[in-house]
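Visitor: Hi! I'm new to this one, could you walk me through it?
Guide: Happy to; here it is.

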Amino acid sequence: MHPAPLPDTAGPPGTIADFTVLGPLGRSGSFVLATPPARLVDAGPQVVLKVYPADAATDEHHAFDRVAAALRAIAAVRSSFLVRLLEVGRNDGLIYYAMEHLPGGSLAAPASQLTFAEVLRAVSCAARGAHDLHEQGIAHRNIHPAGVILHAEGARLSDPGLATYLNPGMTLTGRLGTPHVAFMSPELLRGQEPTRASDLYSLGATLHYAASGQTLHPHVDATDPSAGLSSIMSSAPTIDPGLPAPIAQIVQQCIDPAHQDRPKTAGDLADRLDALWKR
């Protein structure tokens with residue numbers, strides 16, 4: 001599913017429900033910065049909306065129910081390592097959810113240049129957020145650098161994977177058409193259910209990108225699903241040789257399911273990352 005760009009994002013501010021749209025965030029068109037309504041008293045001065053066109057769902061009514069149920073379950077997980085979810089709704093042909101806005105940027109586009117220690121700390125925080133979800137039986141499904149949101153005390157994990165709630169029968173090429181395919185585990189691309197292990201792979205891939213600027217499959221064209229799927233499934237992930245050895249080792253442990261030292265949980269991964277950046 002490709003979320004469609006919002007209309008008029010380059011022109012005057014519009015509205016989604018009773019949120020005032022200030023402008024787009026990122027290049028996908030699916031995230032917008034907005035001013036929340038007064039009824040959301042604890043939302044802060046600005047919020048982020050993620051927006052899906054309702055016609056992207058195979059069955060709009062039931063899709064909204066599935067998305068709302070998934071987001072309620074995530075919102076019920078009390079964690080300082082997860083971006084706070086505020087609301088899910090439908091409005092004028094859109095399904096949207098609102099979340100807190102943190103102005104530090106993301107691992108994909110930080111507000112300022114990061115040191116290796118700050119990268120390690122941010123991925124550690126994301127891993128702890130994933131672990132808190134896992135302990136409640138929830139897989140995140142969509143960990144990637146743009147979903148690791150930075151702030152003064154580290155980072156919070158955002159952008160849970162909802163595409164399969166909109167389209168339960170989504171094909172492999174449909175999954176591959178998403179912009180974050182390079183961070184998906186091979187088992188997800190083979191159509192298996194998301195697990196702790198698939199989120200660990202995505203955390204390792206996110207760490208690799210944040211530390212090197214390269215994905216594990218740097219030559220994959222995500223705009224060509226068939227060719228991209230063939231490339232990913234026929235080639236092994238490539239760890240950048242310029243990565244510092246301790247970081248490369250952790251990435252290898254995360255992406256190799258047979259590695260004897262693979263982290264058992266995302267919390268275990270966070271502990272290993274903390275041990276590095278706190279040296």
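Guide: What follows is a short chat about the fold, the cores and the cysteines. This is a predicted model, where local features need pLDDT of at least 70 and side-chain atom pairs count only at pLDDT 80 or more, while totals for chains, interfaces and linings use all residues. Residues are numbered from 1 along each chain as its sequence is written, and side-chain values use heavy atoms, leaving out hydrogens and water.

Visitor: How many helices and strands does the protein have?
Guide: There are 9 helices and 8 strands, taken as DSSP runs (H or I, at least four residues, for helices; E, at least two, for strands) and numbered from the N terminus.

Visitor: And how much is buried?
Guide: Of the 279 residues, 50% are buried, meaning under 20% relative accessible area with a 1.4 Å probe, protein chains only.

Visitor: Which residues touch the most others in the largest nonpolar core?
Guide: Leu-203, Leu-207, Val-251 and Leu-269 do, in a core of 55 residues. Helix α2 (residues 116-134) gives the largest share, 9 residues. Such a core is a set of buried Ala, Val, Leu, Ile, Met, Phe, Trp, Tyr and Cys residues joined through side-chain atoms within 4.5 Å. Another core of 13 residues lies apart from it, including Ile-16 and Phe-19.

Visitor: What is Val-251 in contact with, beyond four places in sequence?
Guide: Its partners are Gly-204, Leu-207, His-208, Leu-216, Ile-239 and Leu-243, with contact meaning heavy atoms within 4.5 Å.

Visitor: Switching topic, how many disulfides are there?
Guide: The count is 0, using cysteine sulfur atoms within 2.5 Å as the rule.

Visitor: Is Cys-254 buried or exposed?
Guide: Cys-254 is buried, at 1% relative accessible area. Cys-125 is buried too, at 7%.
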